[in-house]
Amino acid sequence: MTNKRRHTFSVFRAQEQYIDELLAAQDRELNELRKEPEEQTEHPDYQKRAQFAQEEMTFREKLQLIGGAVGAGLVIAGVFLAAFALLILFCIHVWFA
């Protein structure tokens, strides 16, 4: 009976240790994210992001970005409409036949 209690406590200790390690990792990540983009030198793509964020987009680039977003939305809407049309056809010709 003591082995079972000892095993139960070790499971709780392992869970507490896992939670402590997870919280410590989250604190490290939060501290890294709070830094200014110029200070974030641990990851090389932070510098690229900071440089891209400081550059102003041209009118043509903005139109391309908006056009891409609208196009993606239309593709998704088309997929949903096609699925709905197929559902209606299935209901009419197969289910209710």
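A salt bridge here is a side-chain nitrogen of Lys or Arg within 4 Å of a carboxyl oxygen of Asp or Glu. With that in hand, here are the views.

**View 1. Lys-62 and Glu-56 meet in a salt bridge.** The side chains come to 3.7 Å, N to O, and a search of the whole structure finds one such salt bridge. Glu-56 is exposed, with a relative accessible area of 65%, while Lys-62 is partly exposed at 37%. Buried means under 20% relative accessible area, exposed over 50%, and partly exposed in between (1.4 Å probe, protein chains only).

**View 2. The protein chain reads α-α-α along its sequence.** This is a predicted model, in which local features need pLDDT of at least 70, side-chain atom pairs count only at pLDDT 80 or more, and totals for chains, interfaces and linings use all residues. Residues are numbered from 1 along each chain as its sequence is written, and side-chain values use heavy atoms, with hydrogens and water left out. The chain has three helices and zero strands; these are DSSP runs numbered from the N terminus (helices H or I, at least four residues; strands E, at least two). Mean pLDDT, the predictor's confidence in each residue from 0 to 100, is 81, and 69% of residues reach 70 or more. Confidence is highest in helix H3 (residues 59–95), at a mean of 95, and lowest in helix H2 (residues 44–54), at 66.

**View 3. Trp-95 and Phe-96 form a stacked aromatic pair.** Rings of Phe, Tyr and Trp (its six-membered ring) pair if their centres lie within 6.5 Å, and planes under 30 degrees apart count as stacked. Here the centres are 5.7 Å apart, with 5° between the planes. Both residues are exposed.

**View 4. Trp-95 and Phe-96 also belong to a nonpolar surface patch.** Patch residues have over 30% relative accessible area and no salt bridge, with nonpolar side chains (Val, Leu, Ile, Met, Phe, Trp, Tyr) joined within 5 Å. One of them, Ile-92, is found in helix H3 and is partly exposed, with a relative accessible area of 49%.

Notes:
Rings of Phe, Tyr and Trp (its six-membered ring) pair if their centres lie within 6.5 Å; planes under 30 degrees apart count as stacked, over 60 as edge-to-face and the rest as tilted. Patches are made of residues with over 30% relative accessible area and no salt bridge: like charges are joined within 9 Å, nonpolar side chains (Val, Leu, Ile, Met, Phe, Trp, Tyr) within 5 Å. Accessible areas come from the Shrake-Rupley method with a 1.4 Å probe; for residues, only the protein chains shown count as cover.
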